Structure formats: C-alpha cells, structure tokens
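Trainee: I would like to understand how the labels used for a structure follow from its values. Could we take them one at a time?

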Amino acid sequence: MNGRAGRLDGFARRVHPGRHPRIRFSSPLGQLTLRARLALLVGMAVAAAVTVVAGVSLGATSIVLNQAIDDQLVEQAEASARTIQTSPLGLELQAFSFGLEGQFLDAAGNPLENAVSSWNSVRIPVDSADAEVARRERAQNLRTIAVDGQSYRLVTVPLQRPASGGALQLARPTTDVDRTLRDLALVLLVVGIVGVVGSVLAGQIVARAALKPVDAAAAAAEEVARTQNLSALIPVTGSDEITRLAESLNSMLRALEASRARQRQLVDDASHELRTPLTSLRTNIELLLRAEANPHRALPAADHEALLRDVDAQMRELSGLVSELVELARDEAPTEEVERLDLAEIVRAAAERARRRATGKSISIELDATPSTVDGRANMLERAITNLLDNAVKFSPPASVVRVGSRDGEVTVADDGPGIAPEDRVQVFDRFYRATSARGLPGSGLGLAIVADAVHTHRGTVTAESSPSGGALLRMRLPVVDDPGPLGPATTPGPAPNPPDGAASPPDRAGENPRP
C-alpha cells in the first residue's frame with residue numbers, strides 16, 4: 001500500500017516504509033459520538049455497581065436466612081428431644097415434632113422402624129456423622145439433604161432417654177427460603193435494569209448539557225471556516241475546563257485576526273512604498289529608451305550619466321526595500337539558536353561593518369564597549385545594532401562622529417545629526433514611518449522597525465532620545481544574565497515584557513501592538 005492506510009476485514013492496517021505491516025483493532029466506541037460514549041460508559045459503570053450490590057445483597061440475605069433457619073431448627077430438635085416419651089415395653093418413642101419431618105435412630109445409628117413416628121413421611125438418609133451423634137460421640141450434625149427432588153435442612157441431636165443412646169432427626173424444607181431468595185433476585189434484577197436504563201438516559205442528558213459549550217465551539221469554528229470571519233468569537237460562560245478551551249480558541253482567533261490585520265497592513269504599506277521607486281525607475285528607463293531610439297535628440301552625456309546613476313541608486317534602494325520587507329513579512333519565530341553572548345563583541349562587529357560604510361562621508365565611529373553577558377541570537381542582534389549605526393551614519397553630517405557605547409546589557413548610539421522631534425520618538429520604530437526631516441533622504445523606513453522587532457524578541461526595549469550634541473540618541477536595553485557562566489547555548493528567552501513609556505512596541509511577531 002506504500003504507506004497509505006488500508007482496511008482489511010474490520011482491521012485498520014498501516015504500512016510504513018522499511019517496517020512490517022502493523023495491524024490495529026478498530027474500536028467500536030470510536031464509531032460513536034462523544035455524547036453516546038459518555039452515556040454508554042455511565043450505563044456500564046452503573047451496571048457494574050448494580051451487579052456487585054445485587055450479588056452482595058443476595059449472598060448476605062442467603063447467609064442470614066440460612067443461619068436463622070439453622071438456629072431455629074436446632075432449638076426445635078433439642079426441645080423435641082426433651083419431650084421423649086417411651087412405652088412400657090420400651091419399643092415405642094414419641095416426641096413433639098413441630099410439624100416437621102423426623103425420625104429416631106438407635107444407639108447404632110439405625111432408624112427405628114417400630115417407633116411411633118406418624119410425622120415421618122419421608123425416608124431420611126443417615127450418614128456416619130449422624131451415627132456418631134447417636135453413639136454420643138458428637139454433639140449434633142447439621143446438613144442439607146435432597147429427598148425426592150425436595151431440598152431439606154436436617155439436624156441430628158442425641159437423645160437423653162433411653163440411657164443406651166440414640167438420636168432424633170428433624171428435617172425442614174428449604175422451599176420458603178429458596179422462594180424468598182428467588183423473589184429478591186427478581187426484584188434486584190428489575191431494579192437493576194431500571195437503574196441502568198435510567199442512568200443511560202441521565203448520562204445522555206448530562207452529556208448533552210456538559211458538551212453544549214463544545215457544540216458551541218464547534219459551531220463557531222465551522223462558522224469561521226465557512227465565512228472566514230475571525231471576529232466570530234465563542235461565547236464564554238463559567239470557569240470550568242470547557243470554558244478554558246473556549247477561551248483558548250478565542251485567543252487563537254484573536255491572534256489569527258491580528259496576524260491577518262498585520263499582513264494586510266504590511267501589504268498596503270509595501271504597495272504604497274514600492275509604487276514611488278517603481279514609478280521613478282520606469283520614468284528614467286523610458287527617458288533612456290527614447291534617447292536611444294532617437295539619435296538626433298540624444299541626451300547630453302552628463303544627463304545620461306546622471307540618469308544611469310539615478311537608476312542604479314533606485315535599484316539598490318528597491319533591493320534593500322524588498323529584503324527588509326521579506327524580513328518583516330516572516331510572521332514566525334526565529335530559527336537561530338539562543339546562545340550566551342558577550343554583547344560587547346556583537347557591538348564591536350557591528351561597528352566594524354558600519355565603519356566601512358561611513359568612509360564615504362568621512363564619519364568616524366567611536367566605540368566604548370564594556371563586556372556584559374546576555375542570552376540571545378548573535379546574527380539578529382548584530383543586524384539590529386548595525387541598523388542603528390546605519391541610521392546614525394545616514395543622518396549625521398560629513399566629518400562628524402557617531403558614538404557607540406555598550407555596558408550592562410545596554411547599547412547606545414548617538415550622532416550629531418538633526419535629531420528626532422519629541423513627537424516622532426515613538427513612531428520612528430513603526431514600519432514605513434519617516435519623520436518630516438527625513439522625507440528627502442534615501443531609505444525605506446523599515447530599519448528601525450527591524451531593530452524594534454529584534455529587541456522585543458529578546459525581551460528588551462528600544463527608545464529614542466536626544467543626544468548631548470543635539471542629535472539622536474537611540475538606546476537599546478537587553479536583559480543581563482546574573483550568573484554568566486560559560487558562553488554557549490542558553491535557554492530561549494520568554495515572552496517580552498511590556499515596554500515602558502516612550503519605548504517602541506513590537507511591530508511584528510509580538511502581535512499585540514499593530515501599527516496604528
């Protein structure tokens with residue numbers, strides 16, 4: 001079957017590559033609904049309980065009744081033995097029989113055929129234990145016998161007269177006891193059947209009431225699947241496990257709705273940002289094509305070279321924008337492993353990369369890094385710090401200084417540029433947001449959004465402030481490891497804390513603060 005599921009004679013069989021076929025039994029309960037299974041399980045539990053109770057009741061009743069009959073039979077036999085009357089010839093014995101079957105035994109344990117015992121209508125069997133009682137070697141003998149298909153309870157007691165020995169036997173039918181036990185068994189059976197049927201019906205009612213929230217959750221999920229309306233939440237009432245399930249499903253629906261809203265916002269913003277460079281790029285290319293098609297109206301060499309440089313710059317800007325969009329569009333957790341890192345080393349590597357890019361503007365980068373240990377992803381943190389440095393280089397005037405500091409899990413980047421207005425210091429970390437003073441500069445407006453995303457993934461915060469020189473000061477804070485230990489793999493950071501006032505909200509993966 002090549003790994004596909006098959007069915008053979010009621011068995012479900014799965015074939016795995018490289019393995020022998022495995023046969024699995026299909027459970028009959030698996031074909032029932034959850035409500036029917038609950039009702040059936042309740043009925044089975046009640047049936048088991050009723051069976052145990054009925055068995056114990058019948059056993060206890062039988063023991064009590066038989067014990068009462070035995071006690072009464074022994075008392076009657078002993079009383080009858082005390083009323084023995086003998087004839088002058090000593091050949092006839094008479095006793096009060098209490099309406100029971102009975103007979104006399106001689107000293108050897110043989111029935112006295114010539115004894116007057118008109119109440120002896122059945123032939124009572126005699127065994128060795130009865131003979132021992134007649135010989136006064138045993139106090140009494142109590143047993144159950146069957147005569148002509150009739151069950152009797154028989155007791156044998158010794159006679160005090162005559163002195164030579166003998167015994168008296170009394171037998172009582174067990175018909176009344178058997179009838180009582182039979183009637184009790186019938187009553188217990190009827191009550192048990194009624195109880196089981198009632199428990200199954202009650203189980204269905206209870207299951208229907210208990211699974212009503214599950215039905216509501218299923219209906220809501222089907223409604224969402226049919227209409228694609230993620231705002232159709234499940235009604236939540238109570239505080240039981242079903243309520244927790246409904247709340248979890250509602251949380252999932254909210255997360256999906258927020259993710260869809262972020263994706264829609266990203267698409268809208270991206271289409272808006274891509275339209276301008278594409279339009280400009282198409283215009284420049286059309287001018288170049290027209291100039292090439294009409295040699296008599298050729299562009300001057302300086303204009304031709306300027307258009308080519310403009311096209312090249314727009315292509316680079318468009319490539320950077322697409323790369324940043326791809327980075328932000330990944331609505332998933334990062335796959336890079338978390339390691340125990342020295343933040344100063346990350347800052348030094350990012351500063352070295354930024355120095356090569358700042359050479360064209362004669363901007364120097366001053367670094368003051370003190371070792372501090374954090375748990376994080378090296379590539380993500382280095383890119384975030386590099387974006388901070390690139391942002392500072394872009395807004396710094398030529399021949400200025402960008403100051404980078406790292407201490408106790410905090411990274412600061414200060415420049416001598418125009419700075420960031422107080423009303424823009426929070427929004428600069430939003431996607432595609434560009435302050436008024438930066439509208440004429442190249443860039444996509446996504447660099448600081450990527451920084452905020454990386455920082456909040458590491459449970460940190462990033463804020464924009466004013467530097468002592470009047471420029472911008474961007475401050476990034478990460479949780480410091482109290483006990484550094486050896487550098488290497490570390491535990492994955494947990495959820496990001498709520499950012500303080502003035503700090504950037506997570507723009508993408510956090511999902512709780514979408515772009516306004």
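Trainee: Why does Glu-132 count as partly exposed?

Mentor: This is a predicted model, and in it Glu-132 has a relative accessibility of 27%. Buried means under 20% and exposed means over 50%, with partly exposed in between, so Glu-132 at 27% counts as partly exposed.

Trainee: What makes Glu-132 and Arg-138 a salt bridge?

Mentor: The closest N and O atoms of Arg-138 and Glu-132 are 3.7 Å apart, and because the definition asks for a side-chain nitrogen of Lys or Arg within 4 Å of a carboxyl oxygen of Asp or Glu, the pair forms a salt bridge. Arg-138 has a relative accessible area of 37% and is therefore partly exposed.

Trainee: Which residue forms a salt bridge with Arg-143, and are the two buried or exposed?

Mentor: The partner of Arg-143 is Asp-130, with the closest N and O atoms 2.7 Å apart. The pair links distant parts of the chain, since Arg-143 lies in strand β7 and Asp-130 in helix α2 (residues 128-134), 13 residues apart. Both Arg-143 and Asp-130 are buried, a label that stands for a relative accessible area under 20%.

Trainee: What makes Glu-352 and Arg-355 a salt bridge, and where do they lie?

Mentor: Their side chains meet at 3.5 Å, N to O, and the cut-off is 4 Å. Both residues lie in helix α7 (residues 343-358), 3 residues apart, which is about one turn of the helix. Glu-352, with a relative accessible area of 41%, is partly exposed, and Arg-355 counts as partly exposed at 31%. Elsewhere, salt bridges that share partners join Glu-410, Glu-465, Arg-475 and Arg-477 into one network, and a search of the whole structure finds 15 salt bridges.

Trainee: Why are β6 and β7 said to stand at the edges?

Mentor: The open sheet of 4 strands has the order β6-β9-β8-β7, with antiparallel pairing. β6 (101-105) and β7 (141-147) each have a single partner strand, so one side of each is left without a neighbour in the sheet. The twist averages 25° from one strand to the next.

Trainee: How do you know that β6 and β9 pair?

Mentor: Two strands pair if at least two bridges are found between them, and β6 and strand β9 (residues 167-173) pair in the antiparallel sense over 5 bridges. Gly-102 stands opposite Leu-170 in β9.

Trainee: What is the average pLDDT of the chain, and where does pLDDT stay under 50?

Mentor: The protein chain averages a pLDDT of 76, and 75% of the residues score at least 70. The value stays under 50 over residues 1-21 and also over residues 505-516.

Conventions
Residues are numbered from 1 along each chain as its sequence is written. This is a predicted model: local features need pLDDT of at least 70, side-chain atom pairs count only at pLDDT 80 or more; totals for chains, interfaces and linings use all residues. Side-chain values use heavy atoms; hydrogens and water are left out. Helices (H or I, at least four residues) and strands (E, at least two) are DSSP runs, numbered from the N terminus. Axes are lines fitted to C-alpha atoms, for helices over the stretch in contact, and angles run from 0 to 180 degrees between N-to-C directions. pLDDT is the predictor's confidence in each residue, from 0 to 100. Contact means heavy atoms within 4.5 Å. Buried means under 20% relative accessible area, exposed over 50%, partly exposed in between (1.4 Å probe, protein chains only).
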